[in-house]
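Me: Hey, I've just opened this one and I'm new to it. Can you walk me through it?

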Amino acid sequence: MSVINVAILGFGTVGQGVCEAIDTHQDRLKEALGKEVKVRAILIKDPVKQREIDPSIKVTTEFKDILDIPDLHVIFEAIVGEEPGYTYLSKAVEKGIHIVTANKAMFAKFGPSLMEKAKRHTVSVGFEATTAGGIPVIGTIRQLLKVNEIKSIQGILNGTSNFILSQMRKKGLSFETALKQSQEKGYAEADPTSDIEGYDAFYKLLILSHTAFGRQPDWKDIRRRGITHLTAEWLQAAESFRLRFKHVGSLERDGFNRIKGEVEPVLVHDTHPFYGVEDVENAISLKGSLVGRITLLGPGAGKCPTGSAMVEDFLSLIQGKYTASPESAVHNGEVLEDSTGQWVLRVPANEDYQRWIPLFTLKDRIQLGDFLYVFVEGRKEDIESVLTSQEQIQAVSILDEIPLENAVKEGIAVS
Ligand code: HSE
């Protein structure tokens with residue numbers, strides 16, 4: 001049986017995950033490919049650290065040793081940060097080696113140029129593991145939604161943040177304790193600032209943008225906020241309104257082909273599919289011109305889910321399912337919709353909607369003065385007392401969409 005030779009760059013949670021996935025699922029890979037997959041080498045940083053690696057695999061600290069492997073077909077990259085990941089993958093592509101990466105910071109910035117380079121060198125690029133852990137969202141867009149024009153994307157894209165928010169709300173844990181637990185479970189980045197300040201979700205959103213829309217918005221036009229200002233009291237107070245704080249990245253393409261985006265904590269009503277997305281789970285909701293709204297849920301981080309994303313990506317790549325530039329740059333500006341599976345924005349038009357009012361800036365609160373209640377540092381307050389105070393309160397957006405059928409039942413929309 002012929003062999004596919006692969007190497008792995010980095011042996012942290014993700015590198016170990018892909019190595020184990022190849023080992024434990026070798027039979028399934030053989031069946032699908034008709035070839036054996038052999039890990040020839042692993043690039044590590046610290047030669048002193050103890051690792052359990054099969055002695056038949058070369059372990060090296062020199063990238064040159066990897067490039068020198070004869071007949072190397074694919075490199076899996078599981079390094080953190082823009083460099084040296086980008087340089088290594090550029091060299092691999094120039095040598096005609098296919099690449100599969102999990103490195104979101106690198107791919108958000110250099111993904112478009114790596115894809116271009118790969119096209120010139122007729123190799124393929126897999127980047128499923130950069131976004132939403134084990135959820136096959138990139139593959140869904142690249143392979144299964146090629147005719148649909150994607151209009152908007154919303155996602156809980158950072159497993160660490162979602163885990164922290166869930167633990168703080170459910171168990172009343174402090175932010176620091178919940179963060180520590182997420183680090184112990186291997187969800188957080190080596191430097192968790194990226195997770196808790198929203199950079200990780202921001203990179204993933206940009207990768208989704210390029211995949212779905214064929215381009216990224218200007219980075220400075222995307223509002224980015226993390227979760228560090230939220231407290232267990234706020235999270236628990238929101239619960240009493242049947243609302244939960246979720247850290248959500250959103251992208252929308254308007255009729256003029258402009259892309260708007262933001263990454264921030266938002267309040268989600270209990271009718272929304274994101275409400276029940278707990279702990280390390282991620283969720284992505286896509287709106288396609290034909291299919292309407294689809295939502296994918298699953299594990300957003302961790303060794304096995306990321307290993308899963310990488311080997312599935314590898315299989316698709318070897319089977320030739322990726323063209324070098326699959327993205328849909330063509331934009332018709334029109335979304336065809338029927339009444340099934342659609343979600344509508346609920347507009348709080350009357351005084352019955354007391355239960356889910358987010359925080360507003362003073363200016364917004366005055367403009368939206370028909371709301372009865374607001375949260376003030378986690379406490380429910382009467383609108384009158386808040387309006388008369390001079391206190392500035394932080395703004396929180398609300399993602400308050402409900403299924404069209406419910407909206408019709410509640411008289412918010414007509415069918
Ligand atoms: N730190 C990332 C997260 C890992 O928590 O989502 C997966 O990308």
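Me: Which residue is the bridge partner of S152 in β11?
Reply: S152 is partnered with K287 there. Strands here are DSSP E runs of at least two residues, helices are H or I runs of at least four, and both are numbered from the N terminus. This is a predicted model, where local features need pLDDT of at least 70, side-chain atom pairs count only at pLDDT 80 or more, and totals for chains, interfaces and linings use all residues. Residues are numbered from 1 along each chain as its sequence is written, and side-chain values use heavy atoms, with hydrogens and water left out.

Me: How do β7 and β11 pair?
Reply: β7 and β11 (residues 281-288) are antiparallel, with six bridges. Two strands pair if DSSP finds at least two bridges between them. β7 also pairs in the antiparallel sense with β9 (residues 243-253), over four bridges. In β9, G249 is the bridge partner of G155.

Me: And is β7 buried or exposed?
Reply: Seven of the seven residues of β7 (residues 150-156) are buried, so the strand is largely enclosed by the rest of the structure. Buried means under 20% relative accessible area, exposed over 50%, partly exposed in between (1.4 Å probe, protein chains only).

Me: New topic: what's the strand order in the open sheet of six?
Reply: The order is β3-β2-β1-β4-β5-β6, with parallel pairing. β3 (58-60) and β6 (125-126) are at the edges with a single partner strand each, so one side of each has no neighbour in the sheet.

Me: How many bridges join β5 to β6?
Reply: Two bridges join β5 (residues 98-101) to β6, and they run parallel. V100 is opposite G126 in β6.

Me: OK, helices. At what angle do α1 and α12 pack?
Reply: About 65°, with the axes of α1 (residues 13-24) and α12 (residues 303-318) 7 Å apart. Axes are lines fitted to C-alpha atoms, for helices over the stretch in contact, and angles run from 0 to 180 degrees between N-to-C directions.

Me: Which residues make that contact?
Reply: Among them are V14, V18 and I22 of α1, plus M310 and V311 of α12. Contact means heavy atoms within 4.5 Å.

Me: How confident is the model?
Reply: The average pLDDT is 84, and 78% of the residues score at least 70. pLDDT is the predictor's confidence in each residue, from 0 to 100. Over residues 345-375 pLDDT stays under 50, and residues 390-396 are also below 50. Where pLDDT is low, the predicted coordinates should not be read in detail.
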